[in-house]
Amino acid sequence: MGIAGGTGLASSTAVGTDDDANADEVPEYDGTVVQVLSMGGTIASTPGEGGASPSQSGEALIESVPELNNYADEILVEQVTQLGSFNLDQDDVADLGEAARNVENIADGIVVTHGTDTMEESAYHLDLALDLDIPIIFTGAQRRPDEVSTDGPANLITSFRAATHDEIRNGVYIAFNEELHAARDVTKGHTSKLETFESPNKGPVAAFTRDNVRLYREPKSYSVSLSALRPDKTVSIAASGQGMDDRQIKFAIEQGDDGLVLDGFGLGNTSEILSDAVQDAIDSGLPVVVTSRTHAGTLNAIYGNGGGQTLKDHGAISGGDLPAHKARIKLLLALEATNSVTELRDCFSSW
Ligand code: ASP
């Protein structure tokens, strides 16, 4: 059993401590290998002047939970970045994806330690962009290591159990509070509770008891595959609110954005003023995807006067049951392949 740390950034292929190793050689390990990729977040944070920030290395996190050695013969650690997840961007997530690709032939499973705030975006991004033959399990914590009853160690154990489970052999997930959620469906549902992650309408893929794992759904990716990993487009999210004007949408058009997500009300409605602006956006060549600010359920084009039927008639694309922030990730990646509205609509009508 051992823990090998790599301090390089994701662009480096080094995942072990063997300085003499040829970079092109695939190292061989005996037994079950888990690769940990560390991104920062509360699980790695300590308090400080100006607020808490991630400071503990991935290696330190793993070493603080010796029980992890019960689930892996070899634990490899790479620090991809060290940020609160509210500061991550698509390049950081692409670095993470490249680091994951680099170890596909070395590890039996990958555990990503990551902040909870945007964990679902990173997980969904990798679920859309990668198609690895090993599972990627994201985890983190709601309470820092210095807080009473920190949840990081228990979440790490759940993530290792998932990463090495015989029946969870591919796909991207979030393991948290003894549950496993599919990347496509999971969302952060509470600012501070330990049971924050949920999959509205779908439920978790699996639940972990002390000595058992109960699978509720087939563990696999529930997303289409889009091969771009490092998107270079600009897509923002315009919110809907009572009486709001259309400045956000006008700005997106003026800036020459590549696409727009309109976060609507209820079944996917918005006001007449915003739906008129959506029409202008579409007329100027911007694909617009509509989502709902309502926490659960899918869209339905029922209402006129700016409602879902009006938006549909204008040519907007339905985001289905994806929340706005996930529809944005999907649109960013899909736009790398096409800006045909028909193809984008097909892409959004499949998982
Ligand atoms: N609250 C966050 C966390 O749980 C901070 C972040 O997203 O990094 O990690």
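Reply: A crossing is called right-handed if the near helix is turned clockwise from the far one by less than a right angle, and left-handed if anticlockwise. In this predicted model, H2 passes H3 in a right-handed crossing.

Me: At what angle do H2 and H3 pack, and how far apart are their axes?

Reply: Helix H2 covers residues 90–102 and packs against H3 at an angle of about 55°, the axes being 10 Å apart. Angles between the roughly parallel limit of 35 degrees and the roughly perpendicular range starting at 65 count as oblique. H2 and H3 are therefore oblique to each other.

Me: Which residues in H2 and H3 meet?

Reply: From H2, Gln-90, Val-93, Leu-96, Gly-97 and Arg-101 meet Ser-122, His-125, Leu-126 and Ala-129 of H3. By class, this contact of H2 with H3 has four nonpolar, four polar and one charged residues.

Me: How is the packing of H3 and H8 described?

Reply: H3 (residues 119–129) and H8 (residues 324–335) pack at an angle of about 35°, with axes 10 Å apart. Their crossing is right-handed. In H3, Glu-120, Glu-121, Tyr-124, His-125 and Leu-128 meet His-325, Lys-326, Ile-329, Lys-330 and Leu-333 in H8. The residues of this contact divide into four nonpolar, two polar and four charged.

Me: Where does UniProt place the annotated domain?

Reply: The unreviewed UniProt entry places "domain: L-asparaginase N-terminal" at residues 34–219. Over that range the chain is 23% helix and 26% strand, with the end C-alpha atoms 18 Å apart.

Definitions and conventions:
Residues are numbered from 1 along each chain as its sequence is written. This is a predicted model: local features need pLDDT of at least 70, side-chain atom pairs count only at pLDDT 80 or more; totals for chains, interfaces and linings use all residues. Side-chain values use heavy atoms; hydrogens and water are left out. UniProt positions are given in the numbering used here, feature names are shortened, and annotations may be inferred rather than shown by experiment. Helices (H or I, at least four residues) and strands (E, at least two) are DSSP runs, numbered from the N terminus. Axes are lines fitted to C-alpha atoms, for helices over the stretch in contact, and angles run from 0 to 180 degrees between N-to-C directions. Contact means heavy atoms within 4.5 Å. Ala, Val, Leu, Ile, Met, Phe, Trp, Tyr, Cys and Pro count as nonpolar, Asp, Glu, Lys and Arg as charged, and the others, Gly among them, as polar. Angles under 35 degrees count as roughly parallel, over 145 as roughly antiparallel, 65 to 115 as roughly perpendicular and the rest as oblique.
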